[in-house]
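Open the model in your viewer and show it as a cartoon. We will go from the whole chain to single residues.

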Amino acid sequence: MNRSLLSFSIAFFFAATGYLNAQGLSQDIARLNVFELSKAPSSTSPEEDEEENEWNLSDSLYHIPSYELYRSWNNKRVHPYKFDLSKMSDTVMIALAVDSCSFVAPFIGRKTSDFGMRRYRHHYGVDIKVLTGDPILSAWEGVVRISHYDRDYGNVVVVRHNNGLESLYAHLSKRKVQCGDWVEAGDLVGLGGNTGRSTGSHLHFEVRYLGEPINPNEVIDFEHGLLCYDTLHLNQEHFEYLKELRAIKYHRIRQGDTLSGIARRYGTTVSALCRLNGIRPSTTLRIGRSIRYN
Ligand SMILES: [Zn+2]
């Protein structure tokens, strides 16, 4: 989205919500990162009452999508949350489509890797083949929470949506939004790429609720670029996989450790350890790395 369009859309958003009551604020708001919770945008002259600039809880509830749910807004860490949804007791209704403009597929392409166990680690998103430079779009409207470079995700953008979900777009060659930017469904968030821990350009796309990954295939039919449902009935079953994942135990390799020693210690065998970790009996154990034993 170009700057003037961005300013316009942000201005429109705040005007529409009754927030923008002074001329020329849109640029400030575009830059503001309001959402850092420190201070409200400077809409008054310095001599006016300082208190008017204090950013408070009701401002957060008003301007930050789903703040009533998350109660936090962190634009430094991709995964700052500590909710355990494997214990959730209720069904939560997530509005995926209020009208035909509510959703746009981030990119329509061939899925190259799915959500779930991939070799010996869990893959928390889906990978879609893209070419470097392909446009990657925000799935729903919301506010950009993260736009930075991460060692694993590469150039990564996370958007917090009004429906309570967060979506994540990784390995981008370029990011086209900044923290605090308002995006509509279908707005450009970045360009496809191969940055971070990635071999070959692809989009790694995640859908999370309160930080816990949901299988994106439960939400989006990637082949056709359509939603699976208008409303997602989110319940414990969506997070059942977390129980299995959390039951997996790891041993951190220390000096002097051998595969047979580790196998003896945990009542297993060298061949079972090799199978679980995709290694051979002759593989050199690296100190500090973790090895799965159950
Ligand atoms: Zn991936």
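Helices (H or I, at least four residues) and strands (E, at least two) are DSSP runs, numbered from the N terminus. This is a predicted model: local features need pLDDT of at least 70, side-chain atom pairs count only at pLDDT 80 or more, and totals for chains, interfaces and linings use all residues. Residues are numbered from 1 along each chain as its sequence is written.

Of the 294 residues in the chain, 31% are buried. A residue is buried if 20 or more other C-beta atoms lie within 10 Å of its own, exposed if 12 or fewer, and partly exposed in between; C-beta atoms are placed from the backbone. Among the contacts with a separation of 6 or more, 60% join residues 24 or more positions apart. Two residues are in contact if their C-beta atoms, placed from the backbone, lie within 7 Å.

**Select V156, V157 and Y169.** These have the most contacts inside the largest nonpolar core, which has 42 residues. A nonpolar core is a set of buried Ala, Val, Leu, Ile, Met, Phe, Trp, Tyr and Cys residues joined through C-beta atoms within 7 Å. β9 gives the most to this core, with five residues. Now look around Y169: residues it touches include P106, I136, L203 and F205.

**Select β13 (202-209).** Is this strand enclosed or open? Eight of its eight residues are buried, so β13 is largely enclosed by the rest of the structure. Show the side chains. H202, H204, E206 and R208 point one way, while L203, F205, V207 and Y209 point the other way.

Two strands pair if DSSP finds at least two bridges between them.

- β9 pairs with β13 in the antiparallel sense over six bridges; A170 stands opposite H204.
- β5 pairs with β13 in the antiparallel sense over four bridges; I128 has L203 as its bridge partner.
- β14 (residues 212-214) pairs with β13 in the antiparallel sense over three bridges; Y209 stands opposite E212.

**Select L210.** In the hairpin of β13 and β14, L210 takes a positive phi near 50°.

H171 lies in β9 (residues 165-172) and has a positive phi near 70°. H171 is buried, with 29 other C-beta atoms within 10 Å. R71 sits in the loop between α4 (67-70) and β1 (92-95), with phi near 55°. R71 counts as exposed because it has 12 C-beta neighbours inside 10 Å.

Notes
Lists of a residue's contacts leave out its neighbours within four places in sequence.
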